[in-house]
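Work through the exercises below with the model in view. Try each task before you read its solution.

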Amino acid sequence: ALLRRGLRIREKAYGTNDLELSASLNNLAVLDLNTENYAGAKTLLQRDLAILRTKLPPDHPHVATTLNNLGSVYSGIGHYLRAIPFYQEALDIREKKLPEDHPATADVLNNLAMAYHKLGEYSKAEPMLLEALKIREECLGAEHPDTANSLVNLVETYLEEGKTIDVVEPPL
């Protein structure tokens, strides 16, 4: 309710197509994503993307964030083929605009890889998952929850592929 109120206030102050609305639209969309209100998230993110595409350069990091979130909407409803172009465009922007080992790039790599995983395209997913894991271990550390998420996703992919690996676990 507070986020929606903030959006209404910003709309009244700036109009309905102003860049100042982007953060409110994206925050509401993430809330909707987290509560599995995919239709609501999609509507908000499409509106946000339309604003961003008219107000910012096409390769702006904010555009990448909204594209990634739109990919997550489609993944959330099981439309992985529709999610992939959003994730891919977000990844292209992040790889172009952010440092090579940026955690935000790892987030999109992970999401794109898991879309391929869900489609059974493990050979596409695996290298992306390995790259996301490498970035997360280097930037966030071995004990970070996002690093653990990468490990779990990689293991799931290996299991689906029928691969086994020998891993030496570091001491606790």
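**Exercise 1.** In which hand does helix 2 pass helix 4, left-handed or right-handed?

*Solution.* The crossing of helix 2 with helix 4 is left-handed. The term means that the near helix is turned anticlockwise from the far one by less than a right angle; clockwise would be right-handed. Helices here are DSSP runs (H or I, at least four residues), numbered from the N terminus. The model is predicted: local features need pLDDT of at least 70, side-chain atom pairs count only at pLDDT 80 or more, and totals for chains, interfaces and linings use all residues. Residues are numbered from 1 along each chain as its sequence is written, and side-chain values use heavy atoms, with hydrogens and water left out.

**Exercise 2.** Find how the axes of helix 2 and helix 4 are arranged, and which residues meet.

*Solution.* Step one: locate helix 2 at residues 22–34 and helix 4 at residues 61–76. Step two: take their axes, which are lines fitted to C-alpha atoms over the stretch in contact, with angles from 0 to 180 degrees between N-to-C directions. The two axes come within 11 Å and cross at roughly 25°. Step three: helix 2 and helix 4 are therefore roughly parallel (angles under 35 degrees; over 145 is roughly antiparallel, 65 to 115 roughly perpendicular, the rest oblique). Step four: list the contact (heavy atoms within 4.5 Å). Helix 2 gives N26, V30 and L33, and helix 4 gives T65, T66, N69, S72 and V73. By class, the contact has three nonpolar, five polar and no charged residues. Nonpolar covers Ala, Val, Leu, Ile, Met, Phe, Trp, Tyr, Cys and Pro; charged covers Asp, Glu, Lys and Arg; the others, Gly among them, are polar.

**Exercise 3.** Describe helix 2 from its span to its end.

*Solution.* Start with the span. Helix 2 has 13 residues and should span 18 Å at 1.5 Å a residue; its end C-alpha atoms are 18 Å apart, which agrees. The expected span is 1.5 Å times one less than the number of residues. Next, look for buried residues (under 20% relative accessible area; exposed is over 50%, partly exposed in between, with a 1.4 Å probe and protein chains only). Buried residues of helix 2 include L25, L28, A29 and L33. Their cover includes helix 1 (2–14), helix 3 and helix 4. By contrast, A23 of helix 2 is partly exposed at 40% relative accessibility. Finally, E36 follows helix 2 and has a positive phi, near 60°.

**Exercise 4.** How do helix 5 and helix 6 cross?

*Solution.* Their axes come within 9 Å and cross at roughly 155°. That makes helix 5 roughly antiparallel to helix 6. The crossing is left-handed. The contact divides into 11 nonpolar, three polar and four charged residues.

**Exercise 5.** Is H117 buried or exposed?

*Solution.* First place H117: it sits in helix 6. H117 is buried, with a relative accessible area of 7%. Leaving aside neighbours within four places in sequence, H117 contacts Y122, A125, E156, T157 and E160.

Notes: Helices (H or I, at least four residues) and strands (E, at least two) are DSSP runs, numbered from the N terminus.
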